[in-house]
Amino acid sequence: MMQKMPVPFSAEQVTALAPDTASVKAGRGLTNPAKWPTLGCNDEAAWGECQGSGSKPYQTQVDFTGPGFKCSCPSRKFPCKHGLGLLFMAVDRPGSLKEGEPPDWVAAWLQSRRDKAEKKAAAVEAGPKAPTDPEATAKRVAKRLSRMREGAEDLERWMTDQIRHGIAAWPQQPRAHWQSLAARMVDYQMPGLEKEVSALSGMPYQGERWPAMALIQMGRLHTRLEALRRFESLELPLQSDLRTVLGWAVDKEEVATAGERITDDWAVLGQEFEERERLWERRTWLQGRQSGRMALILDFSHGNRAFEIPLVPGTVIQTELLYYPSASPLRALLNAPPASTSPLQRPFKTTPDVATLLQDYAAALGANPWLTQYPAVLAQVVPLHRDLGPDQPSQWLLRDNQGTLLPLHPFTAGRHGWELLAISGGHPLTVIGEWSSAGTLKLLACWHEEEGFCAFQETAPA
Amino acid sequence: MSAPFWKQLSTAALLGTARTPALPSLPQDLQDLALDESSAPEARLLRTAAVAGLAQIAGLQPASTEETLPEPAAPSPQDVCRDPQVVSLLAQIATEGPETLLAEACQLLAAAGQSLPHRLLPTYFDAAYRSSALRDPVLKAAGSRGAWLSAKNREWRFAATAGIDEIDIRQWEEGDVASRTRYLQALRQTDADRARELLEKTLAQESARDRVTLLGALRTRLSPADESLLQNLLTSDRSKEVRTLAARLLSALPQSAFALRMQARLQPCVTTEKKLFRTHWVVAPPQSFPTDAAQDGIEEKPPGSVRVGERAWWLRQITARTPIAWWTAHTGMTPMELVLWAAKTEWKDALLQGLAEAVTLQDTDPAWIHAIINADVLPPQEAAELIGGLDAKDQREAWLKLASSAPSLTWWLRLVMKAPITWDTAFWLAVEKRIIAHLHTDAAQYDYELRNLLPELACRIPMAATSSPTPWPTGAKHWSSFEDAAHRFQQTLERRSRLRRMLNSKL
């Protein structure tokens, strides 16, 4: 009997949605029909009532589009274990969900989600609610610029001082040598520089090439300060790029009015998470079916890894993206929650070889010198593993059909290189990754003719 | 940018522009970008670093190779498991365990003629690297892709040498004492004399503790050819532990001079007596310490920790060192009869202890083990070690019997789970009954070990017994702290049965 499979996700993808490993385990623990007095689904959604510790069962529902989650339990994790458990059931045991019409509480929620999405799209369509006072805006911008320029002078003075007297003593300096300066960058309304300045404090531990690395880092800061000095003469896209790296947020309304909009089927190709002082950053890379464009969706979440709009690698979502103004546009916003979600069969567009990737990257860097991550969808590459001897980390490379070698980021390859090698069997496949200025490719996913799409992800520890 | 360029720029920055105003020069077209002659040397250095840094990442020249690609694997093996629900379950099992379930999943997969999904191979190989018990099952399910992959990873080399007994002289020449002992044991199987010669050559250079460990290897295929080495050690080794072990091994050789001397000492102690037309066997220890006994390792004074009389102490030691078969031959009684008889004698403790020690030290027949276990003379730790020598059915009985004297439920459970016996439904129900009884006690409250054992335990249960759910004592006082463990137990059982269902397995 052919089982109908309405769910556009795999169990692995559901796992990747979880905010932490404890939620995966708890969700898994709920994949038992006995825990669910009622369980149902249709093409759009799954729902169920889950017996918790209280007398009244929790009402749990999952909208496959997106996906979207809702549960009446008091958990602050998102999605909660009930939502994950329900989705696990729908994926791994579709037989235990009864197909049919959703009950009222589900129908009402689904309807409100659709309405909200439409309303939101309409609101953006209508443009900013109240026309802002251009004079007041100009005044605000001027005030912020002058505050930032004070900070720029402070930082420039510090760097000049360091270079004049030499940085030989850095390895002996306490962290305070950098920390208070870094903290002041926040006061000067340039929070983007805080991380960059603190990064200097770690340089003396980077091996014997540390002075060169410290110089490159200070050089990066120097160009930003230089550009800030000339802010008014920069083109709007470059202004926006500079604002991004300085941490001067370009708000959604500005994006909606000034940026490019593209409606397309977007393949969710890969995702990378980074945590810094309990702030989680999620970078999701999309690729448009018709437009062929790449996009980066950047989200932040404080405390745990729970993001408002779940984006699942290996799916295709239909939606409109708003690109941030940029000299090399990549970053974008979802204008509305996805209108449909389906499994991804294969990447829409690939780069034929390493040389082309590096050319594209250089061109992008030429337009926006502060670009840090760049997406790569490399076709026909073979993963290579080099054993450098016992107790040495292995070296991982991709080799294209020209014989050109691209190093993989040692950390991501350490975790997933073997999986990539196992999937490829030494044959060419498509690798999706994040190329960075460090000169290595972070492994995000791969696509193989027979094995299909495969994302490399890690669930956050609890 | 070249290395000398960065070196020069770094030197300038390390010393400070106040001391070294000279900067390395950039290529001409970059120099134009970087230089503003009017600015201060500090700004020029920063600008040079900025331009050079950017040029370096934008103009990265990747390495290339002319080498031919390594031999690829067979492109798409037919037997790879592709059912998404099975793949998902295999992935869950790999991350959540327990270990035994990984082994079982691999066995079921292999029995169904399928191999592990490619992506999961590294996870299963890593698990097999950590636990050697997983190696066989994982290799059986690894398929052709697994064979190809494992050859590339140093830690997964076990796959290449699987099936071949790893007997490599380097283990002997370079290994630590544990691997040297393993080497000796392996060599004893194929060439016992050669193994003894190696041991003999090395003994003089080893510490007392290592001598004991290495000498233990002689238990494997012990034969009269080993006697002279053992006799030498008994007479002249400096360490008492070595001498004791040599004596034990000699007692396991019934035809050795040592064993004959012991029999000669024991013989006069075990005699018949006529009483009212019937012949009784009686026992009496030697009246005085036998003159030559000390050189065979028999002690005259009991150690402070053993509270017995001297004569009882002698009897116990002589009994322990006499080949156990002497008893049945000499008295015509069966082991069970002998144990029952010994328990009625005046020297009950010395005799039973001695017999139990003899049974522990010598490879003996199941009848003796059965008799000794039934006599309840051995501490449970030692009894547990003997159970393996019994017949299958007797083993199950012996384990259940041992439960009552065991120091703790988990101590017992751990051993029972490891024991190489088949669990039938009756046996599981008996184990289950003990666990449930334990859960009603106060000791259960802090029994974290039991909680951790439950998932592994779920893998031991015969599938036939899983149709009726375990009647967990949900009303017990400390039940709430076990709920989670019971849930994992249930989940493991359920995964086992789902796996069978999905693979149409008859196992």
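**Note on the predicted two-chain model**

1. In chain A, Glu49(A) stands opposite Gln59(A) in strand E3(A). The model is a predicted one, in which local features need pLDDT of at least 70 and side-chain atom pairs count only at pLDDT 80 or more, while totals for chains, interfaces and linings use all residues. Residues are numbered from 1 along each chain as its sequence is written, and chains are lettered from A and ligands numbered from 1 in the order in which they are written.

2. Strand E2 (residues 45-50) of chain A and strand E3 (residues 58-63) of chain A run antiparallel and are joined by six bridges; helices (H or I, at least four residues) and strands (E, at least two) are DSSP runs, numbered from the N terminus, and two strands pair if DSSP finds at least two bridges between them. E3(A) is in turn joined by four bridges to strand E4 (residues 68-71) of chain A, again in an antiparallel arrangement, and Val62(A) has Phe69(A) in E4(A) as its bridge partner. Between E3(A) and E4(A), which form a hairpin, there are four residues, and Gly66(A) in the turn has a positive phi of about 120°.

3. Contact here requires that the C-beta atoms of two residues, placed from the backbone, lie within 7 Å, and axes are lines fitted to C-alpha atoms, for helices over the stretch in contact, with angles from 0 to 180 degrees between N-to-C directions.

4. Taken together, five strands of chain A form an open sheet in the order E4-E3-E2-E1-E5, with mixed pairing. E4 and strand E5 (98-99) of chain A are at the edges and have a single partner strand each, so one side of each is left without a neighbour in the sheet.

5. Further along chain A, strand E15 (residues 429-436) and strand E16 pair in the antiparallel sense over six bridges, with Gly433(A) opposite Leu443(A) in E16(A). The hairpin of E15(A) and E16(A) has four residues between the strands, and Gly439(A) in the turn has a positive phi of about 85°. E16(A) is also joined by four bridges to strand E17 (residues 452-455) of chain A, which runs antiparallel to E16(A), and Cys446(A) stands opposite Cys454(A) in E17(A). Eight of the eight residues of E16 (residues 441-448) of chain A are buried, so this strand is largely enclosed by the rest of the structure; a residue is buried if 20 or more other C-beta atoms lie within 10 Å of its own, exposed if 12 or fewer, and partly exposed in between, with C-beta atoms placed from the backbone.

6. The contact between the chains takes 50 residues from chain B and 52 residues from chain A. H3(B) gives the most to the side of chain B that touches chain A, with 11 residues.

7. Within chain B, the axes of helix H5 (residues 99-111) and helix H27 (residues 483-502) come within 10 Å and cross at roughly 10°. Among the residues of H5(B) that meet H27(B) are Leu101(B) and Leu108(B).
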